[in-house]
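Hi,

Here is the model I promised to send over. Have a look at it first, and then read my notes below.

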Amino acid sequence: MTELTSLTIADARDGLTTKRFSASELAEAHLAAMEKARVLNAYVLETPDVARAMACESDRRIAAGKAGPLEGIPVAIKDMFCTKDVRTTACSHILDTFVPAYESTVTAQLWRDGAVLLGKTNNDEFAMGSSNETSFFGPVTSPWRRQGANTPLVPGGSSGGSAAAVAAGICLGATGTDTGGSIRQPAAFAGIVGVKPTYGRCSRWGTIAFASSLDQAGPFARSVRDAAILLRSMAGHDAKDTTSIDQPVPDYEAAIGKSVKGMKIGIPKEYRVGGMAAEIETLWAQGADWLKKAGADIVEVSLPHTRYALPAYYIVAPAEASSNLARYDGVRYGLRENGRDITDMYERTRASGFGAEVRRRIMIGTYVLSAGYYDAYYLRAQKVRTLIKKDFEDCFDKGVNAILTPATPSAAFGIGEKGGADPVEMYLNDVFTVTVNMAGLPGISVPGGLSSEGLPLGLQLIGRPFDEETLFSLGEVIEQAAGRFTPQAWW
Amino acid sequence: MNAPARNTRLIKGADGDWEVVIGMEVHAQVTSKSKLFSGASTEFGGAPNSHVSLVDAAMPGMLPVINEECVKQAIRTGLGLNARINLKSVFDRKNYFYPDLPQGYQISQYKSPIVGEGEVIVDLPDGESVTIGIERVHLEQDAGKSLHDQHPSMSFVDLNRSGVALMEIVSKPDLRSPDDAKAYVSKLRSILRYLGTCDGNMEEGSLRADVNVSVRKPGAPLGTRCEIKNVNSIRFIGQAIEYEARRQIDILEDGGRIDQETRLFDPGKGETRSMRSKEEAHDYRYFPDPDLLPLEFDQAYVDALKAHLPELPDEKKTRFISGFGLTPYDAGVLVGERETADFFEAVAKGRDAKIAANWVINELAGRLNKEGRDIASSPVSADQLGTILDLIGEGTISGKIAKDLFEIVWAEGGDPRAIVESRGMKQVTDLGAIEKVVDEILAGNPDKVADAKSNPKAIGWFVGQVMKSSGGKANPQAVNDLLKAKLGL
């Protein structure tokens, strides 16, 4: 990393305001770093022309004293967000030439506030995966390596490209989408901060849907403060998404440094899953200790339905996905494989356009919604979801301000190591994160330390609905105690 | 639904009578400027794909947003059908693949519709009234249109209708004959048009029906039904039921059984044919649409809409009978179309309502019918017709002359009073002039005079002669009086 690419967003903001460097210089430094880091495959599309033009505009606005809150900040956008006139693919063959004529609400708000687009980042196809290995554009290689080894590791997923890009210093911040852990898990693997806001906090309009009732956009950044800065721009009510909530967006950055004294932090006993790695357990206890030292009360809490969350999630999410992905039919846009008749065209297009994991989830989803199975699967999963939500509500009703858990059951694994024979092995990565999506709550993943192999491990904080501020306050306490983690550049 | 069979509606079979049982699902396009979940126009007849938003084309990441006007229209419709309004309802996805269905699912309401049970009172041609139960009304999206005749090897898709709001109005199986069904749809159409919630235009597809038909022996349990899809005229509904009931009776009487299936009506051949069997039926995989929150409003919202409902056909009919002294038949005819009822009221205001009704129903409606026009485009206005009636009432013109005058106004327009004046159509009330004519005719027909003395009814012949010879302008009453006096009757 150069000086300019290793800045935090907060530092870069100061540098731009004091004219220590220009937005164009900042963009150029990143474009050069991106070129050098292509081996990571973090970007599926670099947009240097767009970046230069936007940076130029930013410099003009800075000069005119009209800088927005993110003026000149170069960011990467997960390829699930539709970007006007910039190819958007969900990293799927079925959309690999799709150029939207519209801009997603979340990205439009980033540009409104002055951010600069560097490019579109890699992700698991349609955000379905926990390792970024299902992307049509190939896997992302994590900038992290185990100590003394050069085995390529996964960055986590589905937002693997965004996480890798932030960690590798080829953007200052990035967007992700989180349906079952797709922001928090890769953030943990990459040693950075990732936030899954409350369901309804960010508009879903213009974001390619995976599972509508679970999908939520959120930021990746190298510090808790940076994540707070980004979320303020991304969040907000949108009349075009009726599930977005009409509540004012607080100044999240103001929550940084706020005392957490007297806050009640729940430690859910059900998250002590069998066979949990000792170092994860140690990290968790360490996290609790840091918060305690900052004046918080640590209490044990119970979330009794936790163990049903993952199976229920893998019914609800595929069910919604099977319907959401029906529009990719070769009729109006995207890939078309011609066939004998309409049915043959559908079959050829979808067989060729979707990868194995997406096909698997469409089939699971179709199955659980079909006549005769709906009650046994989908309806029951929805009931489980209600119970999970109630678990958290009971907890918060008892005065708990936030819940602390590990973000993942392990550190990053090697590319090709998991899920080859049994997809459930891969699904288990989401065991600590899916409950949060099922309950619609906000969650943050903050780096807590390194594993014995030198790989980042993350802690997750789960908050009350629309209380992201508490998560930022607590997250910063952990960040202050644990420090920040940067991979050694090997690329 | 198990009311005793009305004997007059039974169908004769080879071994006894059969009863036909009909339930209908009427799809009515909601009158609204924009679509159910997008801002695109609902205007009919635009160039293909000219009324299509990103949502209607199901572009990636697009989300539906409910159009409140469509919700209000559905509530108004529910109120007009005396139905329960559900303060909470849910939109579901009905999943199936079809080129004119861009999302791969139709947003509809499955388990929790916006409107629950209600009823419609239907007047039958024989004067009887029956109450038909409404099962539910729900909101749903229309699909686009596949065009197969634009290219030798390709089909084209027009998405202008994609996403337009429909109300599916589901009846209970309370209908027992083709006449019942036709009268039900006519009444439904009338109510919707009064409410302004659907224009009822069947040619443009604004109103179409799926007809469920089964047959049974009177008193027996319900038979297996067949659904006839998308019948788009009231006449075809009658024909389709007629054919389908006979087809099912023939099968059953031959010892066969009815397969539950979906059928299509071919208006050219006047028959129904199989479209798909129960086994081929889609599994629609309904589930609540996660992009939309449940639709909720409070009773005050419903009450506010109720307070502004127009007078509906049933109320209007009652008022026409009690207030104007019309016969139930005349009142029924007049209230069928709100425009006709309004026209009648304008004509009847301050005049003899029965005469007004008679003129509107017989002269005006007859003439409009003959030329295939509707009352909104009537060349004779309510004012003009009212003036004609005034001229009759004042004795200025006779009823006969009035009909001529009506024709002139129809063809040329203008003020009827001025026309009567300028064309010398005024009735002759000068008794001397009439007497002169009467005397001439009596003198010229001594045999008829003798005849009339023994047969008073023969006076009619003399009246006719006098009227003829006066060019229709003699006052008929005066002619009658004079003749009676002169003939000594």
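How many residues does the contact take from chain A, and how many from chain B? Chain A puts in 32 residues and chain B puts in 24 residues. On the side of chain A that touches chain B, three helices supply at least two residues each: α9 (309–324), α10 (342–353) and α11 (356–369). The biggest giver there is α9(A), with 3 residues. By type, that side of chain A splits into 15 nonpolar, 10 polar and 7 charged residues. Bear in mind that this is a predicted model.

Now for chain B itself. I count 15 helices and 16 strands in it. Its radius of gyration is 29 Å, whereas a compact globule of 489 residues would be near 23 Å. The C-alpha trace of chain B spans about 95 × 55 × 55 Å along its principal axes. As for burial, 42% of the 489 residues of chain B count as buried. If you take the contacts in chain B between residues at least 6 apart in sequence, 68% of them join residues at least 24 apart.

One sheet in chain B is worth a look on screen. It is an open sheet of 3 strands in the order β5-β4-β15 (chain B), and the pairing is antiparallel. The edges are β5 (105–108) and β15 (287–288) of chain B; each has a single partner strand, so one side of each has no neighbour in the sheet. Strand β4 (residues 92–95) of chain B is joined to β15(B) by 2 bridges, and the two run antiparallel. Across that pair, Arg93(B) sits opposite Phe287(B) of β15(B).

Cheers

Key
Residues numbered from 1 in each chain as written. Chains lettered and ligands numbered in written order. Predicted model: local features only at pLDDT ≥ 70, side-chain atom pairs only at ≥ 80, totals over all residues. Helix = DSSP H or I, 4+ residues; strand = E, 2+ residues; numbered from the N terminus. Rg over C-alpha atoms; globule rule 2.2 N^0.38 Å. Buried ≥ 20, exposed ≤ 12 C-beta atoms within 10 Å, placed from the backbone. Contact = placed C-beta atoms within 7 Å. Nonpolar A, V, L, I, M, F, W, Y, C, P; charged D, E, K, R; others polar. Pairing = 2+ DSSP bridges.
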